[in-house]
Structure formats: structure tokens, C-alpha cells
Amino acid sequence: MTIAWQDEQKRLTPDDVQSVTFPLSRLGRRGFDEDHVRVFLQEVERELVTLLNEKVSLFNEVERLRRRIIAGMKSGGNGDGVLFGREDAHVHAVRILSNAQLTADRYVADAQAYSHRLTEEARSRRDEILSEAQQHADMVLEEAQSRAREAALATLNAPPVAPQMEADRSALRAELAYLRTFGEVYRTHLRAYTEGMLRSITEWERSEAGAIEQASAEAGGTFRPGEL
Amino acid sequence: VDALRLKDSFARIAMHGDEVPLFFYSDLFIKHPEVREMFPISMKAQRDHLVVALGQIISQVDRADELAAFLEGLGRDHRKFGAVAEHYDNVGDSLLETVAHFSGDAWTPELAADWLDAYSVIAGIMIRAATKDEATRPASWRGTILSCERKAFDISVLRVRPEPRLDFLPGQSVAIESPARPRLWRYYSVANAPREDGTLEFHVRLIDGGAVSMALTYLQTAGDTIRLGPPVGVLTLDTTSGRDILMVAGSTGLAPLKAMTEQLAAGPERPKVHLFFCARTAEALYDLTAMNKLAAEHDWLTVVPVTTADPRFDGERGSVPDVVMRAGSWTGHDAYLAGPTEMVRETSARLISAGTPRGQIHVEDFGWSEP
């Protein structure tokens with residue numbers, strides 16, 4: 001929304017720093033680590049905001065002093081020792097409120113960025129888990145099928161007892177062997193996989209709890225994720 | 001009013017960037033603390049809105065007709081925020097104070113008169129439009145949440161009963177404010193044609209870090225009340241063209257198109273409708289069952305599910321414009337597009353270059369209306 005305004009001035013804004021994206025380097029070429037770049041950009045943005053805020057304060061202060069001098073001149077003095085006027089008080093109040101507002105804006109933006117990061121991570125982790133599970137399921141299915149096929153073949157190839165009836169019976173036995181082996185292999189894999197998944201969820205929970213503790217420590221202990 | 005002098009003055013104070021709206025709001029809130037209640041906690045977006053709107057007004061200050069339409073919309077829009085005539089005086093005082101502060105030595109009685117005159121005209125148009133609007137509809141509607149049903153990992157369907165009855169055209173949107181996020185309004189399309197019981201459905205996609213979507217999805221339950229603004233938007237059905245219809249919906253962009261489909265199902269005109277429902281994965285095609293049911297009931301409706309990043313999906317796959325253009329020739333169709341900005345822009349461009357007249361392509365445009 002600030003674009004039109006800033007375009008005229010052609011100046012770098014904190015928003016620009018926050019929203020900048022770089023194209024990925026071509027395959028086989030070396031590039032910077034994305035996380036490092038992002039962390040650095042965050043620092044740059046913070047610094048820029050601080051500088052801009054300081055600039056606001058200084059501008060207001062200069063403006064206040066200028067008026068004071070003019071007021072002093074008008075009242076016949078040489079600009080020194082002019083009393084703190086009503087207008088001064090108002091400009092002061094405006095400055096204090098403006099700073100408080102900028103602080104509030106910053107807190108809201110930080111909380112939003114934090115919640116953005118959390119949900120984004122959760123989303124990509126979810127996609128990973130889903131695709132991993134899908135691949136694993138495919139693999140298990142394939143293996144179970146091939147093992148069961150082998151078992152069935154083995155039963156079929158067993159030496160025949162009586163020609164006609166026995167042929168039917170051995171076909172049935174072969175199918176039974178196929179199904180039994182298939183089920184067995186599938187169950188075993190599923191159990192192993194589910195256990196592995198539970199372990200990784202526990203790990204994930206632990207690391208997230210750690211991250212939240214750390215974040216609330218950084219925010220001076222006043223931050224609760226529920227407040228987002 | 002000397003338009004040139006005014007523009008020049010605005011350009012000079014605009015050099016101070018964010019400091020200008022910051023000073024303006026602080027001045028306003030110190031003089032009239034009760035006005036602060038009308039704004040959200042973070043004022044960042046608000047300051048940007050003010051600057052953009054002010055820039056727009058000043059740039060057109062010598063073209064009264066164009067400006068009037070914009071200001072009338074702005075005046076009506078401000079009703080849901082609780083703005084009344086008295087506030088306009090307060091704003092005028094603080095605006096003049098701000099301009100004076102940043103003009104420094106350039107502030108003269110003539111310039112002050114220019115700003116005061118210009119503001120009086122602006123406020124007058126806004127107030128008159130708001131007063132006229134008052135006669136026909138409330139400033140906002142109270143909405144009771146009847147149910148909130150999760151349809152996909154990140155998409156919920158909200159059923160709401162507005163009070164009083166809220167009349168709208170299928171395809172239009174209303175701004176929603178959640179009590180958990182006071183003074184933050186977001187537009188959502190109504191996902192149904194007007195119903196006898198007056199209830200509205202909204203398809204809410206959880207945006208990463210999105211303050212309002214998160215509140216609507218997780219913090220609100222049946223029985224809670226939200227506030228709804230008046231219906232806005234130009235994405236509505238042209239029922240007189242006689243042409244067949246192409247609809248392309250990306251994710252929750254389905255909502256306005258579903259509302260139009262319901263409108264067609266209930267009305268006398270039955271053009272052939274070809275609706276592409278697109279999402280990244282099969283799971284994200286959250287309302288496909290209902291759409292397939294509609295298609296089974298009406299032979300004039302064809303629903304084609306499309307996924308853009310799901311190699312396992314047994315159906316149309318690929319980029320949305322590619323799939324749409326592959327499926328047929330749409331030069332004689334009215335096209336209605338809703339969804340992610342990028343998808344809408346690309347599909348629209350491809351349709352135009354393939355020969356569909358620009359006037360037959362309908363997309364949402366809120367114009368200058370602020371949520």
C-alpha cells in the first residue's frame with residue numbers, strides 16, 4: 001500500500017527489506033544460505049525501523065526548538081530562556097503517543113511474523129510427513145505383494161498328491177499362503193512405521209516447546225503463544 | 001481552491017513519509033481520545049490507507065466528477081467503522097494541524113484557506129453519501145455463527161445468520177470483523193445464493209499468520225457473534241448476455257462462483273456452465289462433493305476438478321491456465337475467474353490472447369473500497 005508513495009521517493013523501506021525475494025541460483029552454482037540471508041535481512045529491517053523512528057523524533061525535536069526560538073524572537077528576547085509553551089506540550093504529547101504507537105505496531109508485527117513462521121513450518125512439516133508416509137506405503141505394498149507371490153508360487157510348485165482334486169486344493173492353499181504372507185508383511189511394516197512416526201512427533205513436540213520457551217524468554221517472559 | 005498550490009504543498013509534506021500520518025493520528029487521538037476506539041491496535045496498515053487515499057484525493061482535486069464517485073464510496077465505507085458527521089470536523093482539525101506542522105515556513109494563511117476549503121468539500125461529499133446510505137441500510141450487521149465446519153486441513157466453512165436480513169447479489173463479498181480481532185475487517189465472498197432463511201456461508205482459508213482467518217477458524221464457535229459490513233464487489237452474473245459460461249475457481253475462489261451457480265440453478269436462464277475447480281492437491285478440493293452433487297442434478301453444469309501439484313491425482317493436472325486452455329475454445333463464453341491473484345491474472349491474459357473479448361471476462365475488483 002505504501003508503494004506509490006515510496007516510488008516517488010525511490011527510498012528503501014523496512015517493508016521492502018521484509019518482502020524482498022531473490023531468485024535461486026542456477027543448479028550447480030554456489031549461493032548464500034537462505035536462512036543466514038533471512039536472519040540478516042531481519043536485522044537490517046529492525047535497524048532501519050529504529051533509524052526511521054529516531055529520525056521522526058529528531059525532526060519533531062528540531063521543529064519544536066525552531067518554534068521556540070521564533071516565539072522567543074517575537075517576544076523580543078534573543079531566543080534564550082523561552083518558557084515551555086502550550087504548543088510545546090502538545091507536540092511533546094504527540095511525539096510520546098507516536099512512539100508508543102510505533103512500539104505497539106512493532107509488537108503486533110513481531111507476533112504476526114512469529115505465528116506466520118510457526119504455521120508455515122507446521123504446514124511444510126505436515127506435507128513432508130504425508131509424502132513420506134505415502135512413499136512408505138507404496139514400498140510396503142510392493143514388497144508384500146512380491147513376497148506373497150513367491151509364497152503362492154512355492155505352494156503351487158509343491159509335489160502333487162492326487163491329480164484332479166489336489167490341483168484345486170493346492171490352488172486354494174496357494175492363495176491362502178499369498179494372503180497370509182501379504183497380511184503379515186504389511187502389519188509388521190505398518191507397526192514399525194507407526195512407532196517411528198510417534199517417536200518423531202514426540203521429538204517435534206519437545207523441540208517446539210523448547211522454541212516457545214526461548215521465544216517467551218526473549219520477549220521478557222510476557223509472551224504466550226495463545227495471545228497470537 | 002488553488003489546485004496547483006495544494007498539490008505542491010502535499011508533495012512537500014509527503015517527503016516526510018510515515019511521520020505525517022503518525023503525527024496526524026497522534027494529534028487526533030490526543031484531542032479526541034474516544035476516536036481511538038474506532039481503530040485497531042496496530043495502526044501501520046491504517047496509516048498506509050490514509051496516505052494512499054489522501055494522495056488519490058489530492059491528485060484528482062481539480063477533477064471534481066471523478067473524485068466525487070470515489071469520495072461517495074469512501075463515505076459509505078466509513079459507516080461500518082462507526083464514523084459520524086462530528087468525526088469529520090475532528091479529522092479536519094487534525095489534518096490542518098498536521099499539514100501546518102510539516103509545512104514549516106511554507107505555511108501561509110492562503111495555503112491554510114486552500115486546505116480548509118478542499119477538506120470542507122471532501123467531507124461534505126462523504127457525509128452526504130453516508131447520510132443517503134443510512135436511509136437504506138444499517139452501518140453493519142450482527143452475524144450469529146451457526147456452525148463452523150472444517151472441510152480441509154486449512155479450510156473451514158462458516159454458516160452465519162445476519163440480523164437484520166442482508167440482501168446481496170450472488171458473487172458479492174462482505175467485510176467481516178471478529179470480536180477476537182476488533183477493528184480488523186477482511187472481505188469474504190458469500191458462498192451461496194440468497195436463501196429464504198437469510199443465512200450466509202463463508203469459505204475461510206487459514207492464512208499463515210493471518211490474524212482474522214485464524215480467529216474465525218479457531219477462536220470462534222457456534223453461537224458467537226461477528227460483525228458484517230455491507231455487500232460489495234462487481235463479480236456478479238450477467239444474466240442478459242445469452243452466452244455460455246466458463247468459471248475458473250482457485251481454492252476458496254470457489255465461493256462466489258458457487259453462489260452464482262446456485263443462482264442459475266434457481267433461475268429461468270440455463271446457459272451451459274463449465275466450472276474448473278482448482279487446488280494444489282486433491283485434499284484441498286474441499287467442496288468437491290457438493291459441487292459434484294450439483295453437477296449430477298443439473299445437466300447444464302460440468303464440474304472439472306484440477307490439481308496443480310498432486311502427481312497422484314486421477315484427473316486434470318497442471319497449471320490452471322494450461323488446463324483451461326487445453327479443454328476447449330472459450331471465445332464465445334462469459335468467463336468468471338476467482339482465486340489467487342496470480343492465477344486470475346494469468347488465466348485472464350491467456351483467455352484474452354486466445355480471443356475472448358476483454359468485456360466478457362469478469363474478475364473481482366473492490367476498487368477503492370477498504371475492508
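Me: What are the ground rules for numbering and confidence?
Reply: Residues count from 1 along each chain as its sequence is written, and chains are lettered from A and ligands numbered from 1 in the order in which they are written. Since this is a predicted model, local features need pLDDT of at least 70, side-chain atom pairs count only at pLDDT 80 or more, and totals for chains, interfaces and linings use all residues, while side-chain values use heavy atoms, with hydrogens and water left out.

Me: Why is Thr261(B) called buried?
Reply: Buried means under 20% relative accessible area, exposed means over 50%, and partly exposed is in between (1.4 Å probe, protein chains only). Thr261(B) has 0%, so buried it is. You'll find Thr261(B) in helix α8 (residues 254-266) of chain B, a helix being a DSSP run of H or I with at least four residues, and a strand a run of E with at least two, both numbered from the N terminus.

Me: What does the side chain of Thr261(B) reach?
Reply: The backbone oxygen of Leu257(B), at 2.6 Å.

Me: What makes Lys55(A) and Glu19(B) a salt bridge?
Reply: The rule asks for a side-chain nitrogen of Lys or Arg within 4 Å of a carboxyl oxygen of Asp or Glu. Lys55(A) and Glu19(B) come in at 3.5 Å, N to O, and meet in a salt bridge. Lys55(A) sits in helix α3 (residues 34-74) of chain A and Glu19(B) in helix α2 (residues 19-31) of chain B, so the pair joins two chains.

Me: Are those two partners buried or partly exposed?
Reply: Lys55(A) has 36% relative accessibility, so it counts as partly exposed. Glu19(B) has 7%, so it counts as buried.

Me: How do you know that Asp322(B) and Arg350(B) meet in a salt bridge?
Reply: Their N to O value is 3.1 Å, and they do meet in a salt bridge. Asp322(B) belongs to helix α10 and Arg350(B) to helix α11 (residues 341-353), both of chain B, so the pair ties together parts that are 28 residues apart in sequence. Asp322(B) is at 34%, hence partly exposed, and Arg350(B) is partly exposed too, at 33%.

Me: Which residues form a salt-bridge network?
Reply: Glu45(A), Arg46(A), Arg106(A) and Asp110(A) are joined into one network by salt bridges that share partners. Over all chains, the count comes to 35 salt bridges.

Me: Why is Arg326(B) called exposed?
Reply: Its relative accessible area is 54%, so the label is exposed. Arg326(B) also meets Glu316(B) in a salt bridge at 3.3 Å, N to O. Glu316(B) has 33%, so it is partly exposed.

Me: What is the phi of Ser251(B)?
Reply: Near 50 degrees, a positive value in a residue other than glycine. Ser251(B) has a relative accessible area of 14%, so it is buried.

Me: Which residues does a cis peptide bond join?
Reply: Glu163(B) and Pro164(B), with omega about -5 degrees. Pro164(B) lies in the loop between β2 (155-163) and β3 (173-177) of chain B.

Note on methods:
A polar contact is a pair of N or O atoms within 3.5 Å; within protein, one must be able to donate a hydrogen and the other to accept it, and residues adjacent in sequence count only if both atoms are side-chain atoms.
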